[in-house]
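Thanks for coming. Please have the sequence and the model on your screens, and I will walk through them in order.

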Amino acid sequence: MNEMKLNNRRTILVGLAFLSICSFWQMYDNLVPLILKQTFHLDESLTGVIMASDNILALLLLPLFGALSDKTSTRLGSRTPYIIGGTVGAVILMNLLPILDNSYSQEAAPFKLVSFVIVLGLLLISMGTYRSPAVALMPDVTPKPLRSKANAIINLMGAVGGVIYLAVSAALYPASKTQGVSHVDYQPLFIIVSLIMAAAVAVLLLTIREPRLAEENRALEKKHPEWNLAGDDGSGNETLPQPVKRSLIFLLASIALWYVGYNGVTTWFSTYVAEVMGEGLRGTNLCLTVATAGAIVSYIPIGVVASKVGRRKTIMSGVVLLAACFLAGFFLTRDSHTITPVMYIAFALVGLAWAAINVNSLPMVVEMCKGSDVGKFTGYYYTASMTAQVITPVLAGTLMKQISYQVLFPYAAVFVSLSFVTMCFVRHGDSKAEAKKGLDAFGDMDD
């Protein structure tokens, strides 16, 4: 029996779409709040409302366009038209933002602020149209038992997109060029990121033939009916058996719960460090960078581990580690006034735990559907995660205000622990490649 083999080159090329998305969001999160505050002089509350709008729009758009892409059939495929259209719209719109920013700094006028917000809204809509189709492309062309390994590469590609942006921004805008300057022109950075996005999607378009690869994968799935957890009555409609549906509901609940915990910390950590420890932004950024680095180095090993021991066990191990790290964070920061080496170790483990969870959760969701519904089920995943990301900043912030800032880490630990409970009721969506038979068929996929 031959072991199933992932086509790494193809997966990397498919991951270019996610690289382009992550490079954009890294820039958006870094620059847009600065522009709103420093150029348009909006207060923190209004800036926060505008910055939260991306999650609210995502909650509406990602499930919608995921399901729409399932029903789309063109000579380019189901997902590729959305990836192209969304990228083209985003590239055009994002380059209008620095023009309006620079114009307002030279001569303030209300209509320029209104125009900026309108363009920003259209940009967020454009990005929302293709995230689910871009993420759904990987399961479309990847056999079910290999999707954890593939998702590890996709996540790594996303991290590369973020790192590319950070490297470019650090090179273009060192502190010596921005300190004491009344207005910073960010147009070169917007142009470079838009070129990165366009180039990534162009390479994807030139190298990945979605219709052929998706058809090959569908044909392979037909040869392995044991992979299909969803009932198929021949009508083309998705009919989940009740046990699978119950597993899906508990899995989506788990996703929401661990995002409530994790995103609560990432949202409020800088404020927490300042209020509880008296540390500056440098300490915060170093901790979060260590966590990101921990995740990046863990993605590929985690994908391999999941293929050996199963996705569910890998996720639950990550959940236990994440809850333990957050609980440790409470004790480590309670009486300390500086970031210590032990805290960096804890945050590196947070990155490892998050990689174990994140790499395997989407493959578990789409494992429960037929190939024709991958976009819809990707939308379910994003509905759960985005709902949590809309709720948790408000919920955690309210508890911190009413009780104490020190409630942050126990809050996160409790919600992550609850996700362990809900994961105990998830009985489907796992896959162990080595346990399957007839794997010689996969040799044809590795071209």
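The protein chain comes to 16 helices and zero strands. Helices here are DSSP runs of H or I with at least four residues, strands are runs of E with at least two, and both are numbered from the N terminus. This is a predicted model, in which local features need pLDDT of at least 70 and side-chain atom pairs count only at pLDDT 80 or more, while totals for chains, interfaces and linings use all residues. Residues are numbered from 1 along each chain as its sequence is written, and side-chain values use heavy atoms, with hydrogens and water left out.

On confidence, the mean pLDDT of the chain is 86, and 90% of the residues reach 70 or more. Over residues 232-236 the pLDDT is below 50, and this stretch has four contacts in the model beyond near neighbours in sequence. Residues 433-447 also have pLDDT below 50, with 39 contacts beyond near neighbours in sequence. pLDDT is the predictor's confidence in each residue, from 0 to 100, and contact means heavy atoms within 4.5 Å. Where pLDDT is low, the predicted coordinates should not be read in detail.

Now the chain as a whole. Of its 447 residues, 52% count as buried. Buried means under 20% relative accessible area, exposed means over 50%, and partly exposed is in between, with a 1.4 Å probe and protein chains only. Among contacts with a separation of 6 or more, 85% join residues 24 or more positions apart.

What is the angle between α5 and α6? The axes of α5, residues 96-106, and α6, residues 110-141, cross at roughly 165° and come within 10 Å. Axes are lines fitted to C-alpha atoms, for helices over the stretch in contact, and angles run from 0 to 180 degrees between N-to-C directions. α5 and α6 are therefore roughly antiparallel to each other. On that scale, angles under 35 degrees are roughly parallel, over 145 roughly antiparallel, 65 to 115 roughly perpendicular, and the rest oblique. The crossing of α5 and α6 is left-handed. That word applies if the near helix is turned anticlockwise from the far one by less than a right angle; clockwise is right-handed.

If you want to find this contact on screen, α5 contributes Leu96, Leu97, Leu100, Ser103 and Tyr104. From α6 come Lys112, Leu113, Ser115, Phe116, Val119, Leu120 and Leu123. They divide into nine nonpolar, two polar and one charged. Ala, Val, Leu, Ile, Met, Phe, Trp, Tyr, Cys and Pro count as nonpolar, Asp, Glu, Lys and Arg as charged, and the others, Gly among them, as polar.

The second pair is α11, residues 242-277, with α16, residues 408-423. Their axes are 8 Å apart, at an angle of about 165°, and the two helices are therefore roughly antiparallel. The crossing of α11 and α16 is left-handed. The residues of this contact are 18 nonpolar, five polar and no charged.

Also in α11 is Thr267. With a relative accessible area of 34%, Thr267 is partly exposed. Its C-alpha atom is separated by 9.3 Å from that of Gly397, 130 residues away along the chain.

The crossing of α13 and α14 is left-handed. Here the contact residues are 19 nonpolar, five polar and three charged.

Helix α14 runs over residues 341-367 and holds Ala355. Is Ala355 buried or exposed? Ala355 counts as buried because its relative accessibility is 0%. Leaving aside neighbours within four places in sequence, Ala355 is in contact with Ala295, Ser298, Tyr299 and Ile302.

Two histidines to finish. His41 sits in the loop between α2 (16-38) and α3 (44-70), and is exposed at 60% relative accessible area. Its phi is near 55°, a positive value in a residue other than glycine.

His428 is found in the segment after α16. His428 has a relative accessible area of 21% and is partly exposed. From His428 to Glu367 is 61 residues in sequence and 8.2 Å in space, C-alpha to C-alpha.
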